[in-house]
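Okay, thanks for coming, everyone. I'd like to walk you through one model today, starting with the salt bridges. Have a look at it first.

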Amino acid sequence: MKIFKTVIVATVMLMTSFMSYAKNDNPYETANAIAVQTFDDLKTNRERLHDNNVVIGIIKKDLLPYVDVRYAAYKVIGTSLKQTSKEERDAFTEAFGDYMMRSMSNALSKYSNQELKVSPVSDVPADTTIVSVKYTVTQNGAPDINFVVKMRLNKKSGEWKAFDLIAENISILDAKQAELSPVIRDKGISEAINLLKKAKVSE
């Protein structure tokens with residue numbers, strides 16, 4: 001259980017360091033560039049990561065712009081999406097984004113000089129809209145941690161953004177969907193929003 005929690009913390013820490021910059025044809029190349037930038041910022045600010053303002057600054061600069069929060073939130077809502085109003089969906093997306101921010105802030109503050117092995121670059125067929133990008137985090141004296149970041153192409157904007165991360169064959173998005181979709185179905189989306197606002201992040 002302790003090892004699993006460590007993996008989850010690390011996955012959230014990396015959550016959008018695997019994004020691509022806007023409108024690049026190869027998500028692997030740009031994802032690697034974002035990953036390197038994020039880890040460089042963590043290293044540069046390692047002695048200041050206890051300051052939440054520093055951590056939030058890194059998240060807002062390096063991470064959140066490259067996460068498809070709305071798409072991820074809608075996936076969590078699941079089959080109840082058509083039964084919700086625009087106002088409800090907007091409120092849930094905002095709460096989900098705030099939850100992600102808290103999770104990333106908690107995880108990044110625990111950075112302790114881990115190293116990132118970037119993904120090999122592959123060609124992406126023109127009709128591909130979902131790509132899995134694989135990474136490894138290493139640290140002396142500890143087992144390697146492997147991750148798969150799921151990225152999606154928005155055909156309207158031409159942007160690749162992350163929407164899920166998989167560690168030890170467990171999808172963070174699927175886990176959150178399994179937790180909240182029944183709540184939305186049985187008790188309504190307002191209850192799911194309340195749970196997100198009260199949720200504790202991984203330690």
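Before anything else, a word on accessibility: buried means under 20% relative accessible area, exposed means over 50%, and partly exposed is in between, with a 1.4 Å probe and protein chains only. Keep in mind that this is a predicted model, so local features need pLDDT of at least 70 and side-chain atom pairs count only at pLDDT 80 or more, while totals for chains, interfaces and linings use all residues. Residues are numbered from 1 along each chain as its sequence is written, and side-chain values use heavy atoms, with hydrogens and water left out.

So, salt bridges. I'm calling it one when a side-chain nitrogen of Lys or Arg lies within 4 Å of a carboxyl oxygen of Asp or Glu. Searching the whole structure turns up 10 of them. Take Arg185 and Asp186, whose side chains meet at 3.4 Å, N to O. Are these two buried or exposed? Arg185 counts as exposed because its relative accessibility is 54%, and Asp186 is exposed too, at 57%.

Next, Glu115 and Lys43, with their closest N and O atoms 3.0 Å apart. This pair links distant parts of the chain, 72 residues apart: Glu115 is in strand E1 (residues 115-117) and Lys43 is in helix H2 (residues 27-44). By the way, helices (H or I, at least four residues) and strands (E, at least two) are DSSP runs, numbered from the N terminus. Glu115 is partly exposed because its relative accessibility is 35%, and Lys43 is partly exposed at 34%. There's also a network of salt bridges that links Asp41, Lys61 and Asp62.

On to the strands. Two strands pair if DSSP finds at least two bridges between them. E2 (residues 130-139) runs antiparallel to E3 (residues 142-154), over nine bridges. Two residues separate them in a hairpin, and Gly141 in the turn has a positive phi of about 80 degrees. E3 also pairs with E4 (residues 159-167), again antiparallel, over eight bridges. That hairpin has four residues between the strands, and Gly158 there takes a positive phi near 75 degrees.

Last, the inside. A nonpolar core here is a set of buried Ala, Val, Leu, Ile, Met, Phe, Trp, Tyr and Cys residues joined through side-chain atoms within 4.5 Å. The largest one has 50 residues, and Phe92 and Leu196 are among those with the most contacts inside it. Helix H5 (residues 86-108) gives the most to this core, with eight residues.
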